[in-house]
Amino acid sequence: MPIVASVPILVILVLMIGFRWGAARAGAAGYLAAFLIAAVFFGAGPDALAYAHTKAFILTLDVLFIIWAAFLMYRVAEEAGAIKTIGRLLPSLTRDRGMQALLIGWVFASFLQGAGGFGVPVAVTAPLLIGLGFSPLSAVIVPSIGHGWAVTFGSMGSSFNALLSATGLSASTLAPASALFLGLACVLTGPIIAHAVDGWAGVKRLLLPALVIGVVMGAVQLAVAAGAGLWNLGAFAGGMAGLAVSVWVVRWGGAGTGVERSERKPLLLALSAYIILILFTVVFLLIPPIKNWLDQVFIQIQFPETVTALGYVSPAGSNRPIHIFTHAGAILVYTSLVSYIIYHRAGMYLPGAGKCILRMTVKSMMSSSLSIALMVAMATMMQQSGMTEALAQDLADAVGKGFPLIAPWIGGIGAFMTGSNTNSNVVFAGLQKRTAELLAYNVPAILAGQTAGAALASVAAPTKIVVGTSTAGMEGKEGEVLRALLGYTALLVIFISILTALASFVGL
Amino acid sequence: MLNNKFNRHLTAFVAIALASIFLYPLAEAGLMMYTWSLLALAVMAALLTLLTK
């Protein structure tokens, strides 16, 4: 049975890696395989399949609300030229090439991941780095490695939200370990970028500033996501703090040239959308009377118990409530509307920009929305029919005590094959959680390994590499980029494996 | 209309969304014939996603 249960996942893996299918088509094939196997081999009746679909749709809405709204906000800022302004002013802070790589390929790329994601960090920063004289290969691999640590809590926390929805666990349970693992990976990322640009000489020269920036970004993400409970702002706040501390670091190191006074107003205007986002998040999520009043409207459905023909019982229960007006997606929508008005009044839009923003958002998001809907439906059917349980039992028997070392690689493979930390969490988080429970391991630590491994490996996914190569004029050289990325990515995932094992065996 | 990839994906997404929404009340009411029909709609949407032309 476990072999049959693994077929939907294998179908996606083989079609995406072996046959280079897109996520939507491969997701559809995986969905069909799961549907067939659940009904024929695991005895799932129409009731179990029906409830699985409704559960999947609610989970999909929860995930897509953030993804759509985050992309809308990114388009609002991009169409106004705000991203270009920030990207143009950053290199002027320092003439040191290594520091420029850290500032643009790591700090700015992480900030972009926190605010938007969706391949934007590499697409925006690779041309900037080439313009500064970096080789196209360096221009692609530096931001690719640079933003990996920010993926889970980036895109306004969409991947972390998928982890919450797929496992039914609370943010306060999962955020501390996840943010800690990724924060430590952030500290390691700085020296890795220095190595990628200038070899060991670069590591030696830039170690101190890289450590200072890395510790600040990682600590701020941990404090915001786990301490303050604002997991949707974790990577964004880390990126913002990174931008602020970088200015201080380059001045302190004597390599700074500063931003001219005439440039300060455009920079402030460019950053206004992000300042509003922080304000709205604080107002809507941290002021109890406002939050409680808005939280009255939510979607939560009670699902009955279902039993398959093989006797697998899926217990009765309800989904994690979706609070419509305080959802991270809703806050992004409010921010997008106010930012649009500000940029519009400042004359930063060309005629027809509003329509263009909406059209681009719908067009860009449709394919990924469908792939998420199909993969979520596949994962939910697998859970409802007992396929996930069968796989987890088999995995627990096969790897036993070594599971904490394996868990991040499962997440990593999921992200590598789907090109997405979110998709990996949707497909594998339930399996990882159940296997950890069967082996009596610390569930938050294993799930932190899942999402951190997925985040760091997602940057090497072929679908993401194509975005980088196409913006850097390296079309057809994806293999070269993959080879350059694999060593660094593997190093980071090994690091996460060690952390997961330490947290599971020793307690961290 | 379905020659266009965007339209195919939009149609498939809407079909899956509608099927998923209405499956809950149908399953609650025990209307298994209608439940199977909507499950078939979701499967058709997945098959539509597989098409390349």
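This is a predicted model: local features need pLDDT of at least 70, side-chain atom pairs count only at pLDDT 80 or more; totals for chains, interfaces and linings use all residues.
Q: Hi! Before we dig in, what puts two residues in contact?
A: Their C-beta atoms, placed from the backbone, have to lie within 7 Å.

Q: Thanks. In chain A, what share of the contacts between residues at least 6 apart in sequence join residues at least 24 apart?
A: That share is 80%.

Q: What scores does the predictor give the complex?
A: The complex gets an ipTM of 0.97 and a pTM of 0.78. For chain B, the average pLDDT is 94, and 100% of its residues score at least 70.

Q: OK, chain A. How many helices and strands?
A: Chain A has 21 helices and 6 strands; these are DSSP runs numbered from the N terminus, with H or I for at least four residues in a helix and E for at least two in a strand. Along the principal axes, the C-alpha atoms of chain A fill a box of roughly 70 × 50 × 45 Å.

Q: How much of chain A counts as buried?
A: Of its 508 residues, 59% do. Buried takes 20 or more other C-beta atoms within 10 Å of a residue's own.

Q: Which residues touch the most other members of the largest nonpolar core?
A: Leu102(A), Phe181(A), Ala185(A), Ile193(A), Leu374(A) and Leu456(A), out of 200 residues in that core. A core is a set of buried Ala, Val, Leu, Ile, Met, Phe, Trp, Tyr and Cys residues joined through C-beta atoms within 7 Å. Helix H10 (residues 171-227) of chain A brings the largest share of this core, 26 residues.

Q: Take Phe181(A): what is it in contact with, leaving aside neighbours within four places in sequence?
A: Phe181(A) meets Ala448(A), Gly449(A), Ala452(A), Ile496(A) and Leu499(A).

Q: Switching to chain B, what does it look like?
A: Chain B has 2 helices and 0 strands. Its C-alpha atoms fill a box of roughly 40 × 15 × 15 Å along the principal axes, and 32% of its 53 residues count as buried.

Q: How many residues of each chain are in contact with the other?
A: 24 residues of chain A are in contact with 23 of chain B. On the side of chain A that touches chain B, helices H3 (23-40), H4 (46-79) and H15 (353-385) each supply at least two residues, and H4(A) gives the most, with 9 residues.

Methods
Residues are numbered from 1 along each chain as its sequence is written. Chains are lettered from A and ligands numbered from 1 in the order in which they are written. A residue is buried if 20 or more other C-beta atoms lie within 10 Å of its own, exposed if 12 or fewer, and partly exposed in between; C-beta atoms are placed from the backbone. pLDDT is the predictor's confidence in each residue, from 0 to 100.
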